Amino acid sequence: MLSLLSLALLINESAATPVDFDTQVMPILTKAGCNTGACHGAAAGRGGFHLSLYGSRPDRDYEAIALALEGRRLNRRDSAASLLLQKPTEELNHEGGTRIDLDGSDYQTLKQWIELGAPRLGQRKLTGFRIVSSTRVVHDLQQPVQLSALAAFDHGSEQDVSGWTVFTPEDSSSVTVDHTGLTKVNRRGRHIIVTRFLDRVEAVELIAPLEESAATPHEQTTNGPIDAFVEQKLFQIGLHTAHAADDFTIVRRLFIDLTGRLPAPNDAIAYSTDTPVDKKERLVDRLLASREFTDFWTFRLAKMLRVASTRRNAKAMQAYYVWLHAAVAQGVPFNQMARQLLLGEGAVLENGPANFYAVTADARAQAEFVSRVFLGIRLQCANCHDHPLDSWTQDDYHGLSAIFARVKRGDIIRVTQSGEVIHPGTGEPALPRIPGQRYLSVSRQSTPEASGTERDHRTLLTDWVVAPQNPYFARSTVNRMWSHLMGRGLVEPVDDHRATNPATHPELLDWLTQDFIDHGMHLRHTIRQICLSDAYARSSTADQSMPEFYATAIPKPMMAEVFLDAVSDVTGVADDAEGSSVRAVSYAGLTLDSRALTLLGGCTVDDSCESAAVDADDLSVQLHLLNGAVLNHRVTHADGYLRTVLASEMAAKQIIETFYMRVFSRLPNEAELGFWTHQFPSRDKATAFNAVAEDFVWSLLTSEEFAMNH
Amino acid sequence: MWMSAFPTRPCLTQRWSGHLALAMIGLMLTVGSVAVSAAGPEAFEPPVTCLCISADGEYVVDGSQAGIRIRRWHDLAVEAEHPIPCAQIHDCRISADQSRLVVVGGDPGQTSFVGVYAWPDVSEIWSRQFGEDVLYAGSFAQSGDVLALAGHDHGVYLVNADNGEPQSILRGHSKPATDVRILNDSRTLLSCSIDQTIRVWNYQTGSIVRSLNNHTQPVIAMAVRPVTEGLPMIASVGEDRTVRLWQPTIGRLVRFCRLKSPANALTWTNTGDRIIAGCRDGCVYSIVADTLEVRTYPDISSGWVNSIAAHPKQSSIVVGTSTGRVRKILLDH
């Protein structure tokens with residue numbers, strides 16, 4: 001036996017280590033960029049050669065490389081003459097340029113694989129992937145950071161795969177990474193580097209503090225876990241915190257954030273003159289208990305849940321809205337609301353939650369809707385290919401769609417015994433699947449005798465979605481609340497939770513999530529926690545260059561509906577939507593068509609719409625505000641508040657102070673008062689006085705300060 | 001149900017001896033050496049990309065990157081090997097009068113190759129290289145004077161079969177043409193393509209007659225039914241897993257069925273009552289043309305079945321696989 005082995009070795013000493021296609025060949029192609037969306041990983045491939053995006057389907061890629069077109073891409077007799085080698089080395093004309101060095105080790109590996117017969121051995125499977133960094137905090141920008149990629153395989157070994165890992169900085173001007181993982185930070189701040197090896201992606205955060213010792217631990221004024229986490233990050237990055245906002249700013253901020261309304265002047269004055277140390281706590285509790293809070297947060301959830309009336313579905317949407325309003329008013333925990341929605345069925349005119357299925361066109365749209373709203377993830381990429389920046393697969397996407405395939409839409413939402421979606425990868429009906437978890441048992445010929453869960457897989461899905469252990473549901477919910485109140489999500493965008501989009505403050509997000517779960521998933525609890533933090537109460541006047549660290553408050557543009565209501569409150573002229581003077585935030589539940597809201601950029605009915613603010617950069621919006629009826633009509637309205645004030649013979653100073661309080665929830669400072677007082681003519685020139693007064697109010701309403709919740 | 005033959009042959013190059021060495025090691029290390037022992041010996045053979053059988057049924061011709069091999073039908077033993085001056089061979093066919101063998105292929109991304117050889121001694125009559133990529137198929141007209149060629153460069157070429165002089169190029173496919181056939185009416189030429197269509201041409205005028213576009217994925221191969229009654233009928237297979245039967249002269253899709261796997265090759269049985277498809281799941285499927293009843297011949301290969309040819313007199317076929325094997329299968333009645 002030994003002699004036979006020796007003989008075999010003598011015959012060809014170079015016939016050495018087998019090369020594994022999945023874990024050795026594929027990483028070379030990915031590192032070379034062959035399977036990116038711009039090259040052969042495009043949906044239609046390129047140059048007649050189609051690879052799966054970032055090598056997510058090595059089985060198909062093996063066929064494309066080794067078998068397709070009768071093996072044209074490999075030359076078994078002369079490996080160097082293979083297209084697989086000649087193209088990326090540009091020995092043959094290659095539109096993608098030189099991707100692999102003719103003298104490099106990767107070339108030799110590919111060549112050796114071909115010479116060994118180009119097999120797909122399946123020698124080992126990747127079981128883990130992690131990035132080890134020489135440091136995560138970079139003090140000296142001159143010192144490079146070594147990132148090492150370590151891959152664990154199923155036979156127990158761990159290998160440094162840095163040379164075959166793709167390192168992609170989010171901002172390539174701020175960070176450069178060479179092919180070995182040696183990283184140079186060029187700019188101070190927080191930097192994310194997305195790394196990829198085979199089907200694993202990992203985000204690496206590097207912090208380069210702005211200034212050494214700009215903040216020190218003893219400066220921290222910890223007001224609770226939220227502030228502790230925020231200040232810890234501020235200390236790490238070296239940012240000073242802004243001073244606390246004044247009382248006028250806080251009261252305006254709280255009113256807009258919690259009720260979608262400007263505070264009445266009396267409320268603002270009362271708060272500023274109030275002395276108890278817990279006055280903010282008491283105001284927050286008062287607002288959380290108010291009818292206006294229910295209206296506004298119903299409106300916010302309605303936007304997210306697509307409660308959007310059209311002529312066609314007006315009564316159904318009213319039922320949807322009424323149910324949602326009652327749930328918010330009663331403080332129904334969010335997981336219970338989600339459960340009712342996910343299991344919604346019945347007549348859409350009578351059963352509000354059933355409309356959760358009436359606002360989407362089909363099962364795939366429902367899957368995307370559910371994943372965005374309740375999981376905070378964008379699953380739609382996985383419709384056509386495995387998600388390139390996360391672990392979601394086509395099986396996940398179409399499996400989730402299959403769960404909704406038996407839901408029949410119409411006047412009555414019902415679950416039938418048939419319905420399927422076709423998996424484009426297999427051409428077969430997709431198997432129902434809880435994303436990232438497991439397949440569900442399926443009975444193709446479902447009968448009434450089949451178990452309830454088998455007939456309606458939504459039950460199992462719902463149990464998974466709303467469970468406290470679900471890694472997405474509570475997390476994405478608190479992140480949305482944080483985003484609304486703080487102006488930016490800890491994960492941003494709020495519906496894009498993924499491994500390659502890490503939270504700015506992961507520990508804070510973890511804590512908020514657990515706190516939300518521990519307190520029964522009540523929205524009001526988490527909203528209160530955030531509103532009472534020091535981070536929420538900071539001034540917004542300081543430098544906004546790094547808003548993601550919350551050193552200052554982030555000014556938030558008002559949503560279009562809130563803006564319109566605020567204009568109505570200031571001018572005393574309600575929006576006249578089809579002759580009905582209701583608040584704009586209630587339109588979602590009503591069949592009202594508001595021209596003003598359309599002009600300002602309200603949401604469409606086709607999509608979840610969580611932050612449609614007045615777009616200050618939109619020229620048409622600006623023109624309408626400057627010259628259109630949205631403001632002019634209300635400012636000059638005969639029944640408007642300005643006319644009442646002018647009729648009262650109020651002096652210019654009083655008019656100025658009155659409208660400053662109504663518009664900005666504060667009194668004018670000396671300069672402002674002096675400026676405006678100077679503009680007003682004497683009272684006896686009534687026409688001129690009134691004209692200036694109109695200009696004055698118009699000026700306040702077109703200012704940035706009014707349009708922003710700062 | 002099916003017979004197989006594994007002819008031994010000498011190693012062609014030093015590289016193959018290296019492969020043999022590795023295979024031997026793999027065979028000896030029976031446990032834990034997943035790579036070599038299981039897949040080694042089979043995987044080192046280049047894919048068998050084309051097959052044809054002489055009209056008397058005595059010889060099988062197969063083509064691969066190793067060249068052309070002539071085998072005896074009864075045991076598939078290699079009687080002769082003929083190197084071909086190109087990297088890839090994609091098709092080989094014998095003319096109706098059994099006087100010539102055409103071999104097509106080329107060097108991928110560089111040039112095409114077509115060679116016409118005297119049959120059965122395989123001495124070269126003429127050969128040509130042209131274009132910038134390979135040819136996937138060649139087909140003699142019944143008269144033997146015209147040779148049609150299907151090119152990766154999307155073109156369908158007509159050449160003088162006697163001397164290789166180009167006659168015309170049929171342009172119309174938007175992606176590589178994968179197969180080409182000429183009907184016995186001395187007028188109609190069929191080509192299929194990655195662009196999911198089958199084009200029907202009048203090759204005398206160079207005009208396109210119609211486009212058959214029911215396939216929803218690339219069309220890989222076609223075969224003409226070997227009967228003369230009624231309208232001509234062809235079968236086509238594609239990556240959409242369908243086998244489609246057509247009457248191309250009137251543009252009619254007669255019927256179709258869907259297989260479990262995409263087919264790479266197909267042929268009609270000599271009686272014209274069944275279509276035999278070689279598929280990517282390593283199986284061969286027999287489809288009754290009139291009823292579309294499907295019979296499966298499983299586990300023919302651990303790789304793809306790349307090529308297939310039906311015996312002209314017996315109810316048998318021979319298949320070539322991506323793992324480099326040639327196998328004979330006796331069909332059920």
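Analyst: Start with a term. Two strands pair if DSSP finds at least two bridges between them. Keep in mind that this is a predicted model.

User: Which order do the strands of the open sheet in chain B have?

Analyst: The order is E25-E26-E27, three strands with antiparallel pairing. The edges are E25 (305-310) and E27 (326-330) of chain B, each pairing on one side only. From one strand to the next, the twist averages 25°.

User: How many bridges join E25(B) to E26(B)?

Analyst: Five bridges join E25(B) to E26(B), residues 316-321 of chain B, and the two run antiparallel. Take one pair: B:Ala310 has B:Ile317 in E26(B) as its bridge partner.

User: And how many join E26(B) to E27(B)?

Analyst: Five bridges again, with the strands antiparallel. Here B:Ser316 has B:Leu330 in E27(B) as its bridge partner. The hairpin of E26(B) and E27(B) has four residues between the strands. In that hairpin, B:Gly324 takes a positive phi near 90°.

User: What should I know about side chains in a strand?

Analyst: In a regular strand the side chains alternate between the two faces of the sheet.

User: Is E27(B) mostly covered or mostly uncovered?

Analyst: E27(B) is mostly covered, with four of its five residues buried.

User: Now chain A. Is A:Val415 buried, partly exposed or exposed?

Analyst: Use the cut-offs: buried is under 20% relative accessible area, and exposed is over 50%. A:Val415 has 25% relative accessibility, so it counts as partly exposed. A:Val415 sits in strand E11 (residues 412-415) of chain A. Compare sequence and space too: A:Val415 and A:Phe404 are 11 residues apart in sequence, and their C-alpha atoms are 8.7 Å apart.

User: How do I describe two packed helices?

Analyst: Two packed helices are described by the angle between their axes and the distance between the axes. Take H25 (residues 652-664) and H27 (residues 686-701), both of chain A. Their axes come within 10 Å and cross at roughly 25°.

User: Are H25(A) and H27(A) roughly parallel or roughly antiparallel?

Analyst: Angles under 35 degrees count as roughly parallel. H25(A) and H27(A) are therefore roughly parallel to each other. Their crossing is right-handed.

User: Which residues of H25(A) and H27(A) meet?

Analyst: From H25(A), the contact includes A:Ile655, A:Phe659 and A:Val663. From H27(A), it includes A:Phe689, A:Val697 and A:Leu701. The residues of this contact divide into 12 nonpolar, no polar and no charged.

Notes:
Residues numbered from 1 in each chain as written. Chains lettered and ligands numbered in written order. Predicted model: local features only at pLDDT ≥ 70, side-chain atom pairs only at ≥ 80, totals over all residues. Heavy atoms only, no water. Axes fitted to C-alpha atoms, helices over the stretch in contact; angles between N-to-C directions. Parallel < 35°, antiparallel > 145°, perpendicular 65-115°, else oblique. Left-handed = near helix turned anticlockwise from the far one by under 90°. Contact = heavy atoms within 4.5 Å. Nonpolar A, V, L, I, M, F, W, Y, C, P; charged D, E, K, R; others polar. Buried < 20%, exposed > 50% of the residue type's maximum accessible area, 1.4 Å probe, protein only.
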